[in-house]
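I opened this structure to look up a few places in it. My notes follow in the order I made them.

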Amino acid sequence: MAESEQECLDTVVKSGSVLAPWLGVNCTLLLKQDSLACVYPEATAAGSPPPLPIFAVKLEDVVGLKILQDSPFSSSPSVCRAELCTYQKVKRFISSSYYRKFSTEILEFSDAKDFETNYKTAKEWRESIQLQCRKNSRNLFVFSPEQIDRLEPMQLLVIINPFSGRKNGQKLFQNIARPMFDLAGAVIVQEVITERQGHAKEFVETFDLTSITGIVLASGDGIVYEVINGLMARPDWEIAIKTPIGLIPTGSGNALVSSLLYEADEEVHTCAIENAVFQIINGGIKQHDIASVCNSSSHSYIGVVIHWGMTGIVDVESEKLRFLGGKLRNLIGGLVCIVMKRSYYGQLSYLPIEEDETKSPLTEAEGSIHSTNTLKPTTDVGVSDPIPEHWKTIEGNFVIFMALTSSHVTENDMMCAETKTGSGKFKILYTFDDVTRGQLLAKLSESTGAVKIENFHEIHTRAFRLNPISPCIITVDGEQIDYGPIQVQMHPGMMRLYSRVRCE
């Protein structure tokens with residue numbers, strides 16, 4: 001780090017006196033560009049060596065300052081007590097990996113002789129810490145261009161699917177997520193509990209988005225699909241689709257939020273809800289892709305994954321095992337399909353990525369929305385149009401077909417570790433009927449997403465057509481659609497997601 005940059009980080013933004021009750025001494029609280037420290041007051045005197053802190057935390061690990069009471073304690077009527085809450089990474093004892101752990105430091109504001117003044121001081125510190133955390137995030141995490149200078153407190157619309165996962169999403173949000181949002185100073189403008197399929201889509205189509213800074217979804221991937229399509233159905237879709245979306249994994253799939261946590265080097269399986277909320281309240285906002293999916297009867301947008309064949313069957317048929325939770329549900333469904341090992345005849349035609357990069361006539365407009373074009377993005381090639389000559393076509397008896405926009409297909413299944421959100425392209429993973437049950441089982445049990453298994457084939461593309469001929473199931477973001485040919489095309493960078501993906 002350059003010396004000038006270090007000096008900037010060492011600049012004190014705010015300082016003040018607090019009492020550390022566990023020591024029984026007055027201390028100086030120092031808020032810097034990237035940290036918060038409590039030091040002995042004599043250590044801040046002119047000419048003193050760099051102070052040794054009583055405690056010091058990085059702002060990137062701060063959740064917030066909680067004022068413990070809004071009225072005086074009878075034993076100390078003038079003191080206002082507060083709790084600094086952090087969520088820091090801790091190294092595991094028997095491995096080189098890390099996990100996050102909540103910790104607290106008690107502070108007492110007692111300079112004034114009356115409680116009201118000390119309470120006001122504590123509130124000012126809380127707001128200063130929240131603001132500096134937001135500023136610090138701009139230096140650490142990826143932000144979409146239109147969000148980089150926005151520093152206002154969070155005003156959130158929360159949509160909870162009470163039917164997803166083990167049907168305890170509402171309880172998980174209230175017990176785990178809500179206290180963290182409150183502590184960070186986020187305001188829940190409205191909380192919506194979905195009552196039926198399509199409810200979330202209908203709600204965001206007409207909701208006043210100017211009253212919020214972001215949307216939080218406590219659900220699985222199905223509500224993500226609904227909200228994307230609701231935002232794209234609005235007259236102001238070009239602005240609406242850029243509303244930041246935060247994801248809390250209370251469903252049985254949770255592919256997209258698991259991918260975001262993995263990219264940010266956060267735990268996916270342990271404390272996933274806490275980690276997901278933390279990346280909303282103290283993280284960045286990155287661009288992610290959506291894609292058009294057209295068939296003979298409809299056009300919709302997706303943001304996660306398309307399944308056909310075995311994985312499509314697992315997606316739908318394992319619904320009856322939802323009560324077991326996502327891991328067991330998908331494991332049992334996958335094992336049953338591996339034992340049966342059925343194949344489905346079909347054709348896949350796709351635009352080779354090298355053709356796309358040469359800007360062929362077909363793809364000059366692909367994925368972009370020109371300033372002179374107010375029409376919603378769709379596919380450049382219709383589902384009934386002839387396949388372009390420079391596309392490639394493969395056909396055969398498929399066992400697995402999935403088109404991924406991120407690394408995970410569920411929170412427990414990482415298919416492709418190198419597939420990142422917002423890459424602007426699909427990773428298509430497929431197998432023919434020459435794949436063995438052993439190879440299918442190896443892929444199902446392989447957790448890193450980095451091991452290459454024989455007879456699993458990969459394609460990178462931004463546009464393709466799937467023509468399924470044998471009867472089976474097609475799902476998009478966990479939702480089953482009408483069976484038949486589909487035309488798909490990527491629209492890079494159109495939506496926004498809260499994340500803690502760091503700047504490179």
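Before the first entry I set down a cut-off: a residue counts as buried when its relative accessible area is under 20%. I also note that this is a predicted model.

Entry one, arginine 234. I looked for its place in the chain and found arginine 234 in the loop between H5 and helix H6 (237-240). Is arginine 234 buried or exposed? Its relative accessible area is 8%, so I put it down as buried. I then checked its side chain, which is joined to that of aspartate 236 by a polar contact of 2.8 Å. Leaving out residues up to four places away in sequence, I listed what arginine 234 touches: Val204, Glu205, Thr206, Phe207, Leu209, Ala240 and Lys376.

Entry two, helices H4 and H5. H4 covers residues 199-206 and H5 residues 221-232. I read that their axes come within 7 Å and cross at roughly 30 degrees. Angles under 35 degrees count as roughly parallel, and H4 and H5 are therefore roughly parallel to each other. I noted the crossing of H4 and H5 as right-handed. On the H4 side the contact is made by His199, Ala200, Lys201, Val204 and Glu205, and on the H5 side by Ile223, Glu226, Val227, Asn229, Gly230 and Leu231. Sorted by class, I have five nonpolar, three polar and three charged residues in this contact.

I found tyrosine 498 in strand S24 (residues 486-499).

Conventions:
Residues are numbered from 1 along each chain as its sequence is written. This is a predicted model: local features need pLDDT of at least 70, side-chain atom pairs count only at pLDDT 80 or more; totals for chains, interfaces and linings use all residues. Side-chain values use heavy atoms; hydrogens and water are left out. Axes are lines fitted to C-alpha atoms, for helices over the stretch in contact, and angles run from 0 to 180 degrees between N-to-C directions. Helices (H or I, at least four residues) and strands (E, at least two) are DSSP runs, numbered from the N terminus. Angles under 35 degrees count as roughly parallel, over 145 as roughly antiparallel, 65 to 115 as roughly perpendicular and the rest as oblique. A crossing is left-handed if the near helix is turned anticlockwise from the far one by less than a right angle, and right-handed if clockwise. Contact means heavy atoms within 4.5 Å. Ala, Val, Leu, Ile, Met, Phe, Trp, Tyr, Cys and Pro count as nonpolar, Asp, Glu, Lys and Arg as charged, and the others, Gly among them, as polar. Buried means under 20% relative accessible area, exposed over 50%, partly exposed in between (1.4 Å probe, protein chains only). A polar contact is a pair of N or O atoms within 3.5 Å; within protein, one must be able to donate a hydrogen and the other to accept it, and residues adjacent in sequence count only if both atoms are side-chain atoms.
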